[in-house]
Amino acid sequence: MTYIFLMNFIFGVSTTIGMTLIPLLTTEGLDLSLLMLGIIEGSSEFLSNMLCLITGSTFDRVKDKRLFFIIPSFIALCSKIILCFPSVTTIFLNKILERISNGLLLFPETHLLV
């Protein structure tokens with residue numbers, strides 16, 4: 001269980017750094033408008049909330065709960081690797097994968113902490 005918390009901490013720190021740098025990369029480096037950035041952010045947050053709802057309803061029914069930690073961790077790792085190739089498409093994919101990872105991990109993590 002300690003490894004899960006340590007891994008979650010590392011992904012949390014990297015996500016915070018990524019969420020700080022992505023708007024700068026998007027608006028300054030790639031010349032994307034603030035409207036497009038808002039659409040990307042809003043759609044990814046909506047997706048995250050929907051996945052959290054789905055994960056919460058299926059978490060108690062599944063016996064092997066390790067997949068609820070392995071799959072989001074792999075998706076979060078992929079989202080960080082995608083940032084090595086900055087373009088509008090990779091920024092969009094990064095935000096979507098990052099929010100998918102957070103949406104899938106939020107309920108199981110909260111459930112284990114309580």
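How much accessible surface does the protein have, and what share of it belongs to carbon and sulfur atoms? The accessible surface comes to about 7100 Å² (Shrake-Rupley method, 1.4 Å probe), and 76% of it belongs to carbon and sulfur atoms. This is a predicted model, in which local features need pLDDT of at least 70, side-chain atom pairs count only at pLDDT 80 or more, and totals for chains, interfaces and linings use all residues. Residues are numbered from 1 along each chain as its sequence is written, and side-chain values use heavy atoms, without hydrogens and water.

**Fold and shape**
- The protein has 4 helices and 0 strands (DSSP runs: H or I of at least four residues for helices, E of at least two for strands).
- Along the sequence the pattern reads α-α-α-α.
- The radius of gyration, taken over C-alpha atoms, is 15 Å, close to the 13 Å of the globule rule for 114 residues, so the protein is as compact as a globular protein of that length. That rule is 2.2 Å times the number of residues to the power 0.38.
- Along the principal axes, the C-alpha atoms fill a box of roughly 45 × 25 × 20 Å.

**Packing**
- Among contacts (heavy atoms within 4.5 Å) with a separation of 6 or more, 77% join residues 24 or more positions apart.

**Cysteines**
- The disulfide count is 0 (a disulfide is a pair of cysteine sulfur atoms within 2.5 Å).
- The sulfur of Cys84 lies 12 Å from the closest cysteine sulfur, in Cys78, too far for a bond.
- Cys84 is exposed (over 50%), at 57% relative accessible area.
- Cys52 counts as buried, at 18% relative accessibility.

How values were computed: Buried < 20%, exposed > 50% of the residue type's maximum accessible area, 1.4 Å probe, protein only.
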